[in-house]
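This briefing covers helix packing, strand pairing and a few single residues. Please have the sequence and the model open while reading.

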Amino acid sequence: MQKNRLTEQIRCSKVVISLAGMYVTYGHSDWLQFEVKTARSLDIPIVVVTPWGSMGIARFLEDNADEIVAYPQKGDASGIVEAIHRVNNIDTHRSGTRNA
C-alpha cells in the first residue's frame, strides 16, 4: 500500500529531488531504487542534491540523475531552483513561464 501511495505522489510531481549525502552507503536501498525507478518509468526528471560536506554520491543516483547540484554551505538554494527549472524546461529569465 505504501508503494502505491508513493507512486501516486511521484506521478503528480514535476521533479523528484534526492539528497545524495544520505545514500552514499545506502545507495541501493529498496526505497531509493523504487523511487528512482518509478520516476524514470513515468518520465519524471530527477535532481540529486549533494549537501555541503557530502562525502560522495551513490552510483545508482549518479547514473539516474538528470541534474546533480551542490547545496552550498551558506544555504543558497538558487542552484537547486535553477536545476528544477532546467529539467522542466522553464525559462528563468521570463518570470517562470515555460519555453515554447
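Leaving aside its neighbours within four places in sequence, which residues is Thr-7 in contact with? They are Phe-34, Thr-38 and Leu-42, where contact means heavy atoms within 4.5 Å. The model is predicted: local features need pLDDT of at least 70, side-chain atom pairs count only at pLDDT 80 or more, and totals for chains, interfaces and linings use all residues. Residues are numbered from 1 along each chain as its sequence is written, and side-chain values use heavy atoms, with hydrogens and water left out. Helices (H or I, at least four residues) and strands (E, at least two) are DSSP runs, numbered from the N terminus.

**Helix packing**

- Two packed helices are described by the angle between their axes and the distance between the axes.
- Helix H1 covers residues 2-11 and helix H2 covers residues 30-41; their axes cross at roughly 40° and come within 10 Å.
- H1 is therefore oblique to H2.
- The crossing of H1 and H2 is right-handed.
- H1 brings Gln-2, Lys-3, Leu-6, Thr-7 and Ile-10 to the contact, and H2 brings Trp-31, Phe-34, Glu-35, Thr-38 and Ala-39.
- Sorted by class, this contact of H1 with H2 holds 5 nonpolar, 3 polar and 2 charged residues.
- For these terms, axes are lines fitted to C-alpha atoms, for helices over the stretch in contact, and angles run from 0 to 180 degrees between N-to-C directions.
- Angles under 35 degrees count as roughly parallel, over 145 as roughly antiparallel, 65 to 115 as roughly perpendicular and the rest as oblique.
- A crossing is right-handed if the near helix is turned clockwise from the far one by less than a right angle, and left-handed if anticlockwise.
- Ala, Val, Leu, Ile, Met, Phe, Trp, Tyr, Cys and Pro count as nonpolar, Asp, Glu, Lys and Arg as charged, and the others, Gly among them, as polar.

**Thr-7**

- Thr-7 lies in helix H1.
- Thr-7 counts as buried because its relative accessibility is 16%; buried means under 20% relative accessible area, exposed over 50%, and partly exposed in between (1.4 Å probe, protein chains only).
- Between Thr-7 and Phe-34 there are 8.9 Å in space, C-alpha to C-alpha, and the two are 27 residues apart in sequence.

**The sheet**

- An open sheet is formed by 3 strands in the order E1-E2-E3, with parallel pairing; two strands pair if DSSP finds at least two bridges between them.
- E1 and strand E3 (67-71) are the edge strands, each pairing on one side only.
- From one strand to the next, the twist averages 25°.
- E1 pairs with strand E2 (residues 46-51) over 4 bridges in the parallel sense.
- Val-47 in E2 is the bridge partner of Ile-17, and Val-49 in E2 is that of Leu-19.
- E2 and E3 run parallel and are joined by 5 bridges.
- Ile-68 in E3 is the bridge partner of Val-48, and Pro-51 stands opposite Tyr-71 in E3.
- E2 is largely enclosed by the rest of the structure, because 5 of its 6 residues are buried.

**Asp-43**

- Asp-43 sits in the loop between H2 and E2.
- Asp-43 is exposed, with a relative accessible area of 68%.
- Asp-43 has a positive phi of about 55°, although Asp-43 is not a glycine.
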